[in-house]
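This briefing goes with the structure shown below. Please read the points with the coordinates open.

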Amino acid sequence: MLRLFALLLVCLVLPVRALTLTPVAGELRHPWGLAFLPDGGYLVSERPGRLLRIDAGGNRHVVSGLPPLAATGQGGLLDLALDGDGWLYLSYSEPGDGGAGTAVARARLQKEALVDWQLLFRQEPKVVGGAHFGSRLVLTDDHLFITLGDRYSERERAQTLDNHLGKTVRLHKDGRVPADNPFVKTPGALPEIWSLGHRNMQGAALRPGSQQFWAHEHGPQGGDEVNLILPGHNYGWPRVTFGEEYGGGKIGVGQSAPGMTAPRWIWVPSIAPSGMAFYQGNLFREWQGDLFVGALRGQALLRLHLDGDKIVSAERLLTDLGERIRTVKEGPDGALYLLTDSGQGRLLKLTP
């Protein structure tokens, strides 16, 4: 009887939220990045190497002017970020030197063409293989944050400052290195590095009101992390992790070590997180301030509730969708927009 009362109490206390998923566009080939256009349309990047402009009526147009891409494995055309002054920032896997690495450029959209290209960043070194490129782009009023993967086969280099593997980078939006970056005066360090010790970050977001830079990353077998990214901090990979080698086996020295910054949240087993957004709209007032994360392997949308800088709870949404969620963003209308990852991917709109 006591157990029955407890179950009834939970049912009474937890609100029932009715959600509506509306398809906006379909037949997308592994969509990755999403940007909202001032006229009500959308820009969607497809990883194999196509950029689409989808107008408010659903009509799609292929945008020309992309650079050469290393569209292999997890690489290709990746994230998008549109600035208020009209610059479109793009991340992509760039071929060269017998391998590939993440690069970031910006251009202006002129009808269905990209013009005035400016290369802002090039990951060094380039590495053979098609795994762990990152990458998400986060714009602030003055800066551009870039998340970078360790490129899988070079994971030990995530702990050294003479390369970009397993790092976050902060630049001015025109590509210049800020004078107050944490390693500007460190001998042998690349001055654009903001943090180190990361594995493969496919989600990042700026927290409204605080300008805090948050990101999540894939663990190996287990140990996906959400981190508050602070300047100069070392997040441990591969010296510390909550995961293990594929097929079993210890990695590093354990789950913590002196000088390593602990994650704010972990998933064991892995959900393969991708995409991240803080919600501040009015359609879901009870969700204001919450952090939303898409799951590829987990095939769900995760709502993380914060108390200060601590994540105190997680809720799984859209568990019956049955699709890999690559990207989540809040739209200008206060809805949440999702990109699902497959050869028949979709752009979906989530509303009450």
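The notes below go from the whole chain to single residues.

The model is predicted. The protein chain holds one helix and 24 strands. Its radius of gyration is 20 Å, which agrees with the value near 20 Å for a compact globule of 352 residues.

**Whole chain**

- Along the principal axes, the C-alpha atoms of the protein chain fill a box of roughly 70 × 55 × 40 Å.
- Of the 352 residues in the protein chain, 54% are buried.
- The protein chain has an accessible surface of about 15000 Å², and carbon and sulfur atoms account for 53% of this area.
- Taking contacts in the protein chain between residues at least 6 apart in sequence, 55% are between residues at least 24 apart.

- Four strands form an open sheet in the order 10-11-12-13, and their pairing is antiparallel.
- The edges are strand 10 (137-139) and strand 13 (193-196); each has a single partner strand, so one side of each has no neighbour in the sheet.
- On average, and with direction ignored, neighbouring strands of this sheet are turned by 15° against each other.
- Strand 12 (residues 167-172) runs antiparallel to strand 13 and is joined to strand 13 by three bridges.
- Val 169 is placed opposite Ile 193 of strand 13.

**The largest nonpolar core**

- In soluble globular proteins, nonpolar side chains tend to be buried together.
- The largest nonpolar core of this model has 16 residues.
- The residues with the most contacts inside this core are Trp 214, Val 226, Trp 267, Met 276, Leu 291, Leu 302 and Leu 304.
- At least two core residues come from each of strand 16, strand 18, strand 19 (291-295) and strand 20 (300-307).
- Strand 20 supplies the largest share, with four residues.
- Once neighbours within four places in sequence are left aside, the contacts of Leu 291 are Trp 214, Val 226, Met 276, Ala 277, Phe 278, Leu 302, Arg 303, Leu 304 and Leu 306.

**Cis peptide bonds**

- A cis peptide bond leads from Glu 124 to Pro 125, with omega near 0°.
- The loop that holds Pro 125 runs between strand 9 (113-122) and strand 10.
- Another cis peptide bond leads from Trp 237 to Pro 238, with omega near -5°.
- Pro 238 is in the loop between strand 16 (224-228) and strand 17 (265-267).

- His 30 is not a glycine, yet its phi is positive, at about 45°.
- This histidine, His 30, sits in the loop between strand 1 (20-28) and strand 2 (31-36).
- His 30 counts as partly exposed because its relative accessibility is 24%, while buried means under 20% and exposed over 50%.
- Ala 272, also a residue other than glycine, has a positive phi near 60°.
- The location of Ala 272 is the loop between strand 17 and strand 18 (273-278).
- With 14% relative accessibility, Ala 272 counts as buried.

- Leu 120 is part of strand 9, and its relative accessibility of 11% makes it count as buried.
- Not counting residues up to four places away in sequence, Leu 120 touches Tyr 89, Val 104, Ala 105, Arg 106, Leu 144, Leu 171, Lys 173, Asp 174 and Gly 175.
- Leu 120 and Glu 192 are 72 residues apart along the chain, and their C-alpha atoms are separated by 11 Å.
- Arg 53 belongs to strand 4 (residues 50-54).
- The relative accessible area of Arg 53 is 16%, so Arg 53 is buried.
- Leaving out neighbours within four places in sequence, Arg 53 is in contact with Leu 37, Asp 39, Tyr 42, Leu 43, Asn 59, Arg 60, His 61, Val 63, Leu 109, Lys 111 and Glu 112.

Terms used
Residues are numbered from 1 along each chain as its sequence is written. This is a predicted model: local features need pLDDT of at least 70, side-chain atom pairs count only at pLDDT 80 or more; totals for chains, interfaces and linings use all residues. Side-chain values use heavy atoms; hydrogens and water are left out. Two strands pair if DSSP finds at least two bridges between them. Axes are lines fitted to C-alpha atoms, for helices over the stretch in contact, and angles run from 0 to 180 degrees between N-to-C directions. The radius of gyration is taken over C-alpha atoms; the globule rule is 2.2 Å times the number of residues to the power 0.38. Buried means under 20% relative accessible area, exposed over 50%, partly exposed in between (1.4 Å probe, protein chains only). Contact means heavy atoms within 4.5 Å. Accessible areas come from the Shrake-Rupley method with a 1.4 Å probe; for residues, only the protein chains shown count as cover. A nonpolar core is a set of buried Ala, Val, Leu, Ile, Met, Phe, Trp, Tyr and Cys residues joined through side-chain atoms within 4.5 Å.
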